[in-house]
Amino acid sequence: MRYLAPLLIGLLYVILMSLVPEPHRRRLNAVMVAGAGAAYLSGGGLGGWEFAFTAVATYVAYKGLDSWTFIGVGWLLHTAWDVVHHLKGHPIVPFAHDSSFGCALCDPVIALWCLGGGRAPWEWSRRTDEFPEAHRSPLRTESATLKE
């Protein structure tokens with residue numbers, strides 16, 4: 001359960017966030033990654049480095065307001081910070097020894113989803129921007145296609 005629960009929490013996060021319509025979904029996730037970046041401030045386990053990390057996480061989250069890639073990078077940065085805290089013995093939740101370990105398993109799930117564009121799982125089989133010409137409706141006129 002030590003390994004499974006954090007992965008399931010990451011998947012639950014993805015499903016719940018997928019219910020939020022775009023562009024609010026991306027912006028809300030940028031705010032969430034900013035909050036995650038500041039989560040260790042109160043513990044101060046790494047001294048001044050906590051402020052440096054929070055500054056970097058805040059910048060990445062700000063860039064994430066317009067970019068799923070930056071949000072994914074933010075979650076990966078938080079994953080690395082979780083690992084450091086776990087190894088140093090300063091967990092994110094002081095009374096839960098393995099909380100940083102669990103966070104380090106949960107965050108990459110969220111990061112992969114964000115790096116994939118933050119689409120709802122039920123949208124994965126739908127149109128992507130990778131090959132837009134492959135998804136054009138046959139009912140569209142050629143002149144409408146040329147205007148694009």
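This is a predicted model: local features need pLDDT of at least 70, side-chain atom pairs count only at pLDDT 80 or more; totals for chains, interfaces and linings use all residues.

Reader: What's the handedness of the crossing of H1 and H5?

Author: Right-handed, as H1 passes H5.

Reader: And which residues make the contact?

Author: From H1 you have Pro6, Leu7, Ile9, Gly10, Leu11, Tyr13, Val14, Met17 and Ser18. H5 brings Gly102, Leu105, Cys106, Val109, Ile110 and Trp113.

Reader: How do the residues of that H1 contact with H5 divide into nonpolar, polar and charged?

Author: There are 12 nonpolar and 3 polar residues, with no charged ones.

Reader: What lines the largest pocket?

Author: The lining is Pro6, Ile9, Tyr13, Trp75, Ser99, Gly102, Cys103, Cys106, Asp107 and Ile110. By type, that's 7 nonpolar, 2 polar and 1 charged.

Reader: Which helix gives the most to that lining?

Author: H5, with 6 residues. H1 and H5 each supply at least two.

Reader: Something else: where's the cis peptide bond?

Author: Between Glu22 and Pro23, with omega at about 0 degrees. Pro23 sits in the loop between H1 and helix H2 (24–37).

Reader: Last topic, confidence. What does the chain average in pLDDT?

Author: The protein chain averages 84, and 84% of the residues score at least 70.

Reader: Where does pLDDT stay under 50?

Author: Over residues 130–138. For that stretch the model has 5 contacts beyond four places in sequence.

Technical notes. Residues are numbered from 1 along each chain as its sequence is written. Side-chain values use heavy atoms; hydrogens and water are left out. A crossing is left-handed if the near helix is turned anticlockwise from the far one by less than a right angle, and right-handed if clockwise. Helices (H or I, at least four residues) and strands (E, at least two) are DSSP runs, numbered from the N terminus. Contact means heavy atoms within 4.5 Å. Ala, Val, Leu, Ile, Met, Phe, Trp, Tyr, Cys and Pro count as nonpolar, Asp, Glu, Lys and Arg as charged, and the others, Gly among them, as polar. On a 1 Å grid over the protein atoms alone, a cavity is a set of points where a 1.4 Å probe fits but cannot get out, and a pocket is an open set with protein on both sides within 12 Å along at least five of seven lines; lining residues have an atom within 4 Å of a point. pLDDT is the predictor's confidence in each residue, from 0 to 100.
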